[in-house]
Amino acid sequence: MRRSTSEKEAGISLMNNKFVELLIDKIDENSETSSNEKGKLLEDLARYVLMTIPGINIRDRIRTNTTELDLLINMNSNFIDINIPSEGYSIAECKNYKIKVSVTYIMKFIRLLEINHLSLGFFFTWEGVSKPALKEIRRAVDTNGIYVIAIDKKHIRKSVEQGSFLPIIIEEYEKLRFDLTE
């Protein structure tokens, strides 16, 4: 499914592609960057692509009484026409593993969304999520109305091609919302 960026979105959601490509190169498995550094770079990349969307403000590495939030996202949708439930807030988790993220991490993230009464979360992972994890994401939508938008390197590269991250979010949300296939 290909979604066109509206004139409104294209005019206000600008991304510095060279900067994103630099981060991609440092995170890619062939780079000499350490695993710990790659994890921090993935957080930087997630923060940057989200912040290219007007109306989004982000605080990072927020400690709560029980956990650390990689990214706390304040979403003021007055800037863009986006019909995604968010209660004005969302959170993002970043996991830079060499394999797809397992269902365990997705279940923990969904629980974190539930505890914080949030219906939208972003899960950034370089290699993607496993099939059981995708099933758990689907279950969260169907049973609790919780949307976990899983973002991997293909999505980031596609956003560079499009010059905007917003269409990626909308497309992935619509796939979950309407149970669409590619």
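Reader: In which helix is Ser 159 found?
Author: This is a predicted model, and every answer here is read from it. Ser 159 falls within residues 153–162, and that run is helix 6.

Reader: Is Ser 159 buried or exposed?
Author: A residue counts as buried under 20% relative accessible area. The relative accessible area of Ser 159 is 0%, so Ser 159 is buried.

Reader: Which residues is Ser 159 in contact with, leaving aside its neighbours within four places in sequence?
Author: Ser 159 lies in helix 6, and neighbours within four places are left out of its contacts. The residues in contact with Ser 159 are then Met 15, Ser 164, Phe 165 and Ile 168.

Reader: Where is Met 15 found, and is Met 15 buried or exposed?
Author: Met 15 sits in the loop between helix 1 (7–12) and helix 2 (17–27). Its relative accessibility is 11%, and the limit for buried is under 20%. Met 15 therefore counts as buried.

Reader: What distance separates the C-alpha atoms of Met 15 and Ser 164?
Author: Along the chain, Met 15 and Ser 164 are 149 residues apart. The C-alpha atoms of Met 15 and Ser 164 are separated by 5.9 Å.

Reader: Which residues touch the most other members of the largest nonpolar core?
Author: In soluble globular proteins, nonpolar side chains tend to be buried together. The largest nonpolar core here has 55 residues. Those touching the most other members are Leu 45, Leu 50, Ile 73, Phe 122, Phe 124, Ile 156 and Phe 165.

Reader: Which residues does Leu 50 touch, not counting residues up to four places away in sequence?
Author: Leu 50 is one of the core residues that touch the most other members. With residues up to four places away not counted, Leu 50 touches Ile 56, Ile 58, Leu 71, Ile 73, Phe 122, Phe 124, Phe 165 and Ile 169.

Reader: How many salt bridges does the count come to?
Author: Side chains of opposite charge can pair when their charged atoms come close. A pair is counted when a side-chain nitrogen of Lys or Arg is within 4 Å of a carboxyl oxygen of Asp or Glu. By this rule the number of salt bridges is 14.

Reader: What is the N to O distance in the salt bridge of Glu 43 and Arg 61?
Author: Glu 43 is in helix 3 and Arg 61 is in strand 1, 18 residues apart, so this pair links distant parts of the chain. Glu 43 is buried at 10% relative accessibility, whereas Arg 61 is partly exposed at 34%. Their side chains meet with an N to O distance of 3.0 Å.

Reader: Why are Arg 139 and Glu 136 separated by about one helical turn?
Author: An α-helix has 3.6 residues a turn, so residues three or four places apart point the same way. The side chains of Arg 139 and Glu 136 meet in a salt bridge of 2.6 Å, N to O. Both residues belong to helix 5, and because they are three residues apart, the separation is about one helical turn.

Reader: How far apart are the end C-alpha atoms of helix 5?
Author: Helix 5 has 14 residues, and at 1.5 Å a residue it should span 20 Å. The end C-alpha atoms agree with that value, so the distance between them is 20 Å.

Reader: What covers the buried residues of helix 5?
Author: The buried residues of helix 5 are Ala 133, Glu 136, Ile 137, Arg 138, Ala 140 and Val 141. Their cover includes helix 4 (103–115), strand 5 (147–151) and helix 7 (166–178).

Reader: How many of the 13 residues of helix 7 are buried?
Author: Among the buried residues of helix 7 are Leu 166, Ile 169, Tyr 173 and Leu 176. The charged residues Glu 171, Glu 172 and Lys 175 are also on the buried list. Helix 7 is mostly covered, and the number of its residues that are buried is ten.

Reader: Is Ile 99 buried or exposed?
Author: Ile 99 lies in the loop between strand 3 (89–95) and helix 4. With Tyr 97 and Tyr 105, Ile 99 forms a nonpolar patch on the surface, with about 280 Å² of accessible area together. The relative accessibility of Ile 99 is 62%, so Ile 99 counts as exposed.

Note on methods: Residues are numbered from 1 along each chain as its sequence is written. This is a predicted model: local features need pLDDT of at least 70, side-chain atom pairs count only at pLDDT 80 or more; totals for chains, interfaces and linings use all residues. Side-chain values use heavy atoms; hydrogens and water are left out. A nonpolar core is a set of buried Ala, Val, Leu, Ile, Met, Phe, Trp, Tyr and Cys residues joined through side-chain atoms within 4.5 Å. Buried means under 20% relative accessible area, exposed over 50%, partly exposed in between (1.4 Å probe, protein chains only). Contact means heavy atoms within 4.5 Å. Helices (H or I, at least four residues) and strands (E, at least two) are DSSP runs, numbered from the N terminus. The expected span of a helix is 1.5 Å times one less than its number of residues. Patches are made of residues with over 30% relative accessible area and no salt bridge: like charges are joined within 9 Å, nonpolar side chains (Val, Leu, Ile, Met, Phe, Trp, Tyr) within 5 Å. Accessible areas come from the Shrake-Rupley method with a 1.4 Å probe; for residues, only the protein chains shown count as cover.
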